[in-house]
Amino acid sequence: MSQTFDLADIKRRMQGAVQALRHDLGSLRTGRASASLVEPITVDAYGAAMPINQVATISVPEPRLISVQVWDRSMVAAVEKALRESDLGLNPQTEGQVIRLRIPEMNEQRRKEMVKVAHKYAEEARIAVRHVRRDGLDLLKKLEKDGEMSQDEHARHADQVQKATDQAVAEVDQALAAKEKEIMQV
């Protein structure tokens, strides 16, 4: 079975990295309560790591409050532990099966910490895009070596892969700049 070069697949994989970044940035706190803040958190439930939204209902009753209604009373402690150990820096307050998370005003130091986390997420996305580029270029080299592609085709496709990479990295940078502006806004 011979492999073929598919630029559309490479672009799709690069867009996947960009979408993952946007999802990660959406979970970063900007001073407003949002259900997406706690969605990436996993809970050790029933012997497996489960997303928090599979063991509880998440709601935002006030602009600075997230309410987590745990369905199973025996899971309250596990959900509270997962929230406490997450990198959100929030202090859960438990009342029966409801866990409340107050979102404090963000000070300058906390904003800078959030920007650093956003930069870390962006760098991970850039690395993922570069891995996709490397896979594409490796496939092109293999096809040329096996005689299934000419040097000219190889050079043309390699140029297309680089352009797709540049576009994906630019999208990563745009998403990061927008999030950074949102975080630093007082």
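**Legends to close-up views of the predicted model**

**View 1. Residue E85 and helix α2.** E85 has its place in helix α2, which comprises residues 76-85. The model shown in this and the following views is predicted. E85 is exposed, because its relative accessible area of 59% lies over the 50% cut-off. From V70, which is 15 residues away in sequence, E85 is separated by 17 Å, C-alpha to C-alpha.

**View 2. The chain as a whole, for orientation of the close-ups.** Four helices and six strands make up the secondary structure of the chain. Their order along the sequence is α-β-β-β-β-α-β-β-α-α. The C-alpha trace spans about 70 × 40 × 20 Å along its principal axes. The radius of gyration of the chain is 22 Å, whereas a compact globule of 186 residues would have a value near 16 Å. Of the 186 residues, 40% count as buried. Among contacts in the chain with a separation of 6 or more, 65% are accounted for by residues 24 or more positions apart.

View 3. The accessible surface of the chain amounts to about 10,700 Å². Carbon and sulfur atoms contribute 50% of this accessible surface.

**View 4. The largest nonpolar core.** This core contains 31 residues, of which F5, M14, L21, L25 and L28 touch the most other members. At least two residues of the core come from each of the helices α1 (7-26), α3 (108-145) and α4 (151-184). Helix α3 gives the most, with 11 residues. A second, separate core has 24 residues, including V38, V79, A82 and L83. In soluble globular proteins, nonpolar side chains tend to be buried together.

**View 5. Surroundings of M14.** M14 is one of the residues that touch the most other members of the largest nonpolar core. Residues up to four places away in sequence being set aside, M14 touches V129, V132, R133, V161, A164, T165 and A168.

**View 6. Residue H157 in helix α4.** H157 lies in helix α4. The residue is buried, because its relative accessible area of 14% falls under the 20% cut-off. Apart from neighbours within four places in sequence, H157 is in contact with F5, L140 and M149. Of these partners, F5 is also among the residues that touch the most other members of the largest nonpolar core.

**View 7. Residue T4 in the segment before α1.** T4 is found in the segment that precedes helix α1. With a relative accessibility of 61%, T4 counts as exposed. Its contacts, neighbours within four places in sequence being left aside, are with L139 and L143. T4 and D72 are 68 residues apart along the chain, and their C-alpha atoms are separated by 50 Å.

**View 8. Residue Y46 in the loop between β1 and β2.** Y46 is found in the loop that joins β1 (42-45) to β2 (48-51). Although Y46 is not a glycine, its phi is positive, at about 55 degrees. Most residues other than glycine have a negative phi. Y46 is exposed, because its relative accessible area of 58% is over the cut-off of 50%.

**View 9. Residue Q174 in helix α4.** Helix α4 contains Q174. The C-alpha atoms of Q174 and A56 are separated by 34 Å, and the two residues are 118 residues apart along the chain.

How values were computed
Residues numbered from 1 in each chain as written. Predicted model: local features only at pLDDT ≥ 70, side-chain atom pairs only at ≥ 80, totals over all residues. Heavy atoms only, no water. Core = buried A, V, L, I, M, F, W, Y, C linked by side-chain atoms within 4.5 Å. Buried < 20%, exposed > 50% of the residue type's maximum accessible area, 1.4 Å probe, protein only. Contact = heavy atoms within 4.5 Å. Rg over C-alpha atoms; globule rule 2.2 N^0.38 Å. Areas by Shrake-Rupley, 256 points an atom, 1.4 Å probe, with all protein chains shown as cover.
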